[in-house]
Amino acid sequence: MDSDEFRRQGHAIVEWIARYFEGVEQYPVKSRVRPGEILNSLPELPPSGSESFDNFLKDFDEVIMPGITHWQSPNFFAYFPANSSPPSVLAEMLTSALGAQCMLWETSPAAAELEERMMEWLRSMTGLPEEFEGVIQDSASSATLAALITAREKVTGFNSNMEGLSDAGRLRVYVSTQTHSSVEKGAGVAGFGRSNLVRVDVRDDFSMDPAALERAIEKDLASGYIPCCTVATIGTTGTTAVDPLRAIGEICSRHGIWLHVDAALGGTALLLPEMRWMSDGIGYADSFVFNPHKWMFTNFDCSAYFVRDAASLIRTFEILPEYLKTRTRGKVNDYRDWGIPLGRRFRALKLWAVIRSYGVEGLQATIREHLRLAKMLAGLIEAEKDFELMAPVPLNTVCFRYRSDGMSDSETDRLNEKINHALNDSGKIYLTHTKVNGKYVLRMVTAQTNVTEHHVTEAWNLIRECASATSSQDRPVDIY
Ligand SMILES: *Cc1c(COP(=O)(O)O)cnc(C)c1O
């Protein structure tokens with residue numbers, strides 16, 4: 001592709017993206033294709049000769065787009081926000097054009113230094129302790145794995161990377177029953193063994209019970225285990241519960257246990273001073289992660305990982321073959337030493353674009369509105385006698401279900417599942433479910449970049465209509 005062709009196609013693609021953003025509500029939110037449908041429409045073998053880019057774009061529209069679920073639709077209320085935004089997209093185009101590998105300071109000094117400054121900006125925007133230093137990771141899963149491995153190194157006197165874990169004793173990791181599955185995955189990968197993940201009970205609001213944590217640690221100590229790491233969550237995946245950091249931190253500090261805070265989804269709310277109650281006790285934390293690629297309008301991937309003691313992180317991950325030796329080593333940040341992969345994308349650029357384009361106040365206003373919408377929806381649900389709220393709503397996610405007098409729990413589960421599928425099949429909105437105390441629950445997240453009150457009230461009207469239609473169809477079937 002020559003420069004003229006690049007320019008022509010590039011303009012066309014920017015035009016395509018602008019139209020996509022403007023018209024995203026026209027698509028069914030959840031893709032309707034069946035398994036194998038896209039695969040079967042793709043050629044089995046690659047072309048031997050060159051094809052026109054116009055053909056590529058035509059197939060993108062005709063073959064690929066039907067198989068896309070529209071996370072950028074304001075009617076996307078499923079899983080969690082994976083927000084993009086125009087400034088983020090434009091900066092990402094520049095990153096891909098530069099194609100720089102940002103593993104060492106020398107392989108692109110601006111990338112390393114912009115990353116350092118952006119992490120300082122995020123630290124102050126979220127009110128994290130001054131001594132924290134940050135690095136951008138690809139995902140919260142990777143950041144949490146880095147935390148687990150660093151905690152493991154620390155408790156084994158920085159010996160386990162070299163000697164393996166055969167003499168390390170049985171190291172334990174404490175989480176709540178609501179903790180994200182990435183911690184269990186990480187505990188397996190980091191060599192703790194998934195069976196050494198201890199799931200601590202939660203309180204009525206689904207936050208970790210510190211007394212139960214203390215009991216679990218005492219019991220382990222009495223049985224000869226070695227407590228190593230606790231993961232507390234700000235905004236659990238199911239119900240966005242907030243674990244009590246101060247009480248947990250006090251226990252961890254007394255027992256010399258690494259405290260990692262997983263705020264992948266909820267951390268963005270710390271931009272709001274009125275939400276900083278969630279990080280009360282953050283001074284006890286050894287590490288903290290949140291994902292600007294979820295709720296902060298920065299397209300995937302961009303996960304902000306902070307540590308209190310960067311030296312321990314670097315000591316865990318640095319490895320220095322001859323070909324990576326530089327004259328600037330020790331004077332600058334070589335971020336390859338701050339995590340698992342060597343190669344790293346220039347991800348700080350889109351963060352810079354997003355923060356400058358919105359401004360801190362613009363980000364705060366949008367996040368505040370998302371929180372207001374969740375509260376508003378919770379109010380609408382509470383006012384409706386056929387619906388019930390199934391968990392508190394501290395953040396952007398509302399868990400609820402339809403119920404009918406005299407209907408058993410299993411019938412209610414089945415009915416809510418039907419309602420969920422019917423809503424998603426309509427293409428008008430997309431929401432997903434979870435289980436709360438064993439009950440099937442609908443889960444609606446009001447945090448998409450462009451969601452407004454109008455989208456939430458329209459969705460709520462649709463849910464009510466769909467619920468009453470589905471339940472009246474359901475009755476005769478139940479009688480059989
Ligand atoms: C989304 C999420 C994760 C996983 O994030 P990735 O960046 O996709 O790895 C982990 N923990 C919590 C609480 C989350 O919400």
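**View 1. Helix α14 and its buried residues.** In helix α14, the residues Thr-412, Asp-413, Leu-415, Asn-416, Ile-419, Asn-420, Leu-423 and Asn-424 are buried, where buried means under 20% relative accessible area, exposed over 50% and partly exposed in between, with a 1.4 Å probe and protein chains only. The model is predicted, so local features need pLDDT of at least 70 and side-chain atom pairs count only at pLDDT 80 or more, while totals for chains, interfaces and linings use all residues. Residues are numbered from 1 along each chain as its sequence is written, and side-chain values use heavy atoms, leaving out hydrogens and water. Helices (H or I, at least four residues) and strands (E, at least two) are DSSP runs, numbered from the N terminus. The end C-alpha atoms of α14 are 24 Å apart, which agrees with the 24 Å that its 17 residues should span at 1.5 Å a residue; the expected span is 1.5 Å times one less than the number of residues. Just after α14, Gly-427 takes a positive phi of about 80°.

View 2. An open sheet is formed by 4 strands in the order β8-β9-β11-β10, with antiparallel pairing; two strands pair if DSSP finds at least two bridges between them. Because β8 (387-389) and β10 (432-436) each have a single partner strand, they stand at the edges, and one side of each is left without a neighbour in the sheet. On average, neighbouring strands of this sheet are turned by 40° against each other, direction ignored. Strand β10 is joined to β11 (residues 439-445) by 5 bridges, and Thr-434 has Val-441 in β11 as its bridge partner. Helix α13 (residues 348-382) lies across β8, β9 (397-402) and β11, at about 15° to β9. Helix α14 (residues 409-425) lies across β9, β10 and β11, at about 35° to β11. Axes are lines fitted to C-alpha atoms, for helices over the stretch in contact, and angles run from 0 to 180 degrees between N-to-C directions; contact means heavy atoms within 4.5 Å.

**View 3. The packing of helices α6 and α12.** Helix α6 (residues 140-155) packs against helix α12 (residues 310-317) at an angle of about 90°, and their axes are 9 Å apart. The two helices, α6 and α12, are therefore roughly perpendicular to each other, a class that covers angles of 65 to 115 degrees, whereas those under 35 count as roughly parallel, those over 145 as roughly antiparallel and the rest as oblique. From α6, Ala-146, Ile-149, Thr-150, Glu-153 and Lys-154 meet Ser-312, Leu-313, Thr-316 and Phe-317 of α12.

**View 4. Helix α9 and its cover.** Helix α9 (residues 210-222) has 13 residues and reaches 18 Å from its first C-alpha to its last, close to the 18 Å expected at 1.5 Å a residue. Its buried residues are Pro-210, Ala-212, Leu-213, Glu-214, Ala-216, Ile-217 and Asp-220. Their cover includes β2 (171-176), β3 (197-200), β4 (226-233) and α10.

**View 5. The surroundings of Cys-252.** Cys-252 is found in helix α10 (residues 245-255) and counts as buried at 1% relative accessibility. Apart from residues up to four places away in sequence, Cys-252 touches Thr-230, Ile-257 and Leu-259. Cys-252 and Glu-214 are 38 residues apart in sequence, and their C-alpha atoms are 8.8 Å apart in space.
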